[in-house]
Amino acid sequence: MVEISIKRSIDDLDIFEGLFVVGLDENNKDLNYLSKNTKLMDILNRHKVIQEEHLENIRKFGKNMILSLNDGDKLLKILLLGIGDGKKLNEDKLRQLGGIISLRAKELNFPNVIISNFYSSSSQIESIIEGLVLSLYEFNKFKEDKADKTLSTFYVNYSVVIVTTDDSNDGNKIDIGKIVNICEAVFYARDLANSPPNVIDPNALANSAKTLEKMKNIHVDILNQNQIKDLGMNGIISVGKGSENEPKLIIVEYNNSTSTDKPIVLVGKAVTFDTGGISIKPSDRMDEMKFDKSGGCTVLGIMKALGNLDLPINVVAIIPAVENMPSGSSYRPGDIIRMYNGKTVEVLNTDAEGRLILADALAYGVAKYAPKCILDFATLTGACIIALGTNIAGIIGNDNKLINKLVSISNITGEKIWQLPLSEEFSDLIKSNVATIKNIGGRTGGTITAAAFLSYFVSDVPWAHFDIAGTAWTQDGTADKSYNPKGSTGFGIRTIIKFLEQYQYK
Ligand code: BES
Ligand code: MG
Ligand code: ZN
């Protein structure tokens with residue numbers, strides 16, 4: 001399995017043993033930390049590697065170059081890596097640099113890597129480790145010659161030594177195993193979200209969730225269509241009606257605190273395929289609607305990471321899983337649905353299905369668990385992509401303290417989120433003449449009307465809704481980041497794990 005270690009000294013390293021990474025700063029041309037290893041410095045000088053005219057162009061952020069030097073009977077392999085302006089290096093840039101290192105090493109099939117220090121704090125080293133691991137994800141399962149292989153042999157045999165000679169950070173405090181565990185939970189979520197809709201239907205998603213039960217402190221319950229109906233969750237039932245694949249309600253509990261300690265509830269939209277239903281979508285890029293289960297996959301990824309962590313909290317994940325299909329048994333525009341919490345909804349567009357299934361799941365979470373807070377994740381609106389693009393997710397809720405905390409964590413994890421206002425005018429836009437509310441509110445402010453709809457189902461529990469329509473997978477406009485290979489990103493998992501780690505336990 002991938003092996004990453006941290007060393008406090010550069011002198012006793014066998015520099016011939018791996019790909020030696022040297023970070024080059026645009027402004028600081030001083031490589032004196034390398035001079036601590038006299039053998040290395042000697043070779044670099046003899047081969048005239050450290051001559052500025054060679055290095056100038058590589059100092060820009062992300063630029064890089066491989067050098068192979070024959071030194072006697074040995075080969076020294078060096079990756080010169082531009083870090084841009086060293087003073088402007090933040091966690092996300094380091095995560096990207098970590099990813100570039102892994103991708104170059106993989107391309108050259110050099111499974112041993114030594115990284116010398118262009119970083120200082122432990123949080124910077126943690127980010128490099130995340131980048132090293134996250135970038136190596138491949139979705140190969142369905143290629144003809146790659147049946148059953150999830151992780152490449154390169155990943156499995158990969159070994160990296162990170163050298164940190166800077167005394168201001170304590171490499172010992174970094175829990176490498178924990179970071180790798182979280183990255184592998186991201187891989188799990190990416191695998192589920194990338195899987196095609198004929199493979200991951202609601203039942204298959206539920207079966208995958210069930211496998212988490214072998215983990216510590218985890219319990220999984222799957223509710224079938226009849227049980228969902230008996231509970232009165234007609235939002236989920238209605239959306240699922242048009243499909244041959246019946247809906248499931250997936251409930252995953254992580255209990256590692258006292259039974260009286262109220263949980264944090266996480267809700268994730270899992271529409272395993274969204275055709276739009278009777279209000280059918282245009283066929284162009286409809287295939288991408290396999291990613292409409294991404295919110296649910298993120299939440300399952302969080303639960304998988306928790307299963308390997310010892311956090312003194314209780315967490316409940318609620319994932320409504322449905323397929324939104326047009327057929328003789330589909331729900332229709334004009335239908336009026338009585339939801340789990342008794343509110344009624346006039347359906348005016350069957351493509352606004354996410355809010356219907358989330359509403360039942362949120363109301364159930366609030367009623368059954370009286371949670372400390374409730375967070376939901378959903379590829380909910382195309383309007384969010386228009387508003388914020390494909391690199392920033394929207395966050396909306398009823399508790400600014402909760403939202404500010406999440407936003408500040410996301411600045412470290414690089415999973416950018418931006419708050420949109422839940423002002424009351426939007427609730428008026430979804431009032432219905434024949435029911436409590438309707439499921440669309442016109443073309444304007446679509447992300448906020450969707451959130452306003454959800455707000456009818458959370459009572460006064462502190463709540464934050466993540467609209468991840470633009471960030472759940474790489475699409476038009478997505479910034480090229482080494483640690484996010486094409487397809488599902490697993491957006492949100494790393495942020496929420498940090499949030500849960502920092503939760504005030506009282
Ligand atoms: N799953 C879609 C939202 C979506 C669209 C996410 C494109 C990512 C990319 C959602 O179910 C949907 O269809 N929303 C409609 C709502 C509208 C009918 C009010 C939309 O955004 O067009
Ligand atoms: Mg839809
Ligand atoms: Zn949808």
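Predicted model: local features only at pLDDT ≥ 70, side-chain atom pairs only at ≥ 80, totals over all residues.
**Entry 1: the surroundings of ligand 1**

I began with the residues around ligand 1 and found 17 of them. The closest are Lys281, Asp292, Asp351, Glu353 and Gly382. Sorted by class, this shell holds 7 charged, 6 nonpolar and 4 polar residues. I also looked up the pockets of the protein, and the largest pocket is the space that ligand 1 takes.

**Entry 2: polar contacts of ligand 1**

I then listed individual atom pairs. Glu353 places a polar side-chain atom 2.8 Å from an oxygen atom of ligand 1. Two further contacts come from the backbone: an N or O atom of Thr379 lies 3.3 Å from a nitrogen atom of the ligand, and an N or O atom of Leu380 lies 3.5 Å from a nitrogen atom of the ligand. I noted the area as well: ligand 1 taken alone exposes 520 Å², of which the protein buries 78%.

**Entry 3: the magnesium ion (ligand 2)**

For the magnesium ion, the protein donors lie 2.0 to 2.2 Å away. Asp351 gives both an O and an OD atom, while Asp274 gives OD and Glu353 gives OE. The spacing of the donor residues in sequence is D-x76-D-x1-E. Why is the arrangement around the magnesium ion irregular? It is irregular because its 6 donor atoms subtend angles of 69 to 167 degrees. I noted for reference that ideal angles for six octahedral donors are 90 or 180 degrees.

**Entry 4: the two metals together**

Finally, I looked up how the two ions are placed. The zinc ion and the magnesium ion are 3.2 Å apart, and Asp274 coordinates both.

Terms used:
Residues numbered from 1 in each chain as written. Chains lettered and ligands numbered in written order. Heavy atoms only, no water. Near = heavy atom within 4 Å. Polar contact = N/O pair within 3.5 Å; in protein donor to acceptor, adjacent residues only side chain to side chain. Areas by Shrake-Rupley, 256 points an atom, 1.4 Å probe, with all protein chains shown as cover. 1 Å grid on protein atoms, 1.4 Å probe; cavity = no way out; pocket = protein on both sides within 12 Å on 5 of 7 lines; lining within 4 Å. Sits in = over half its atoms within 2 Å of the grid points. Nonpolar A, V, L, I, M, F, W, Y, C, P; charged D, E, K, R; others polar. Donors = N, O, S within 2.8 Å, 3.2 Å for Na, K, Ca; no water. Tetrahedral: all angles 85-135°; square planar, octahedral: opposite > 155°, others 65-115°.
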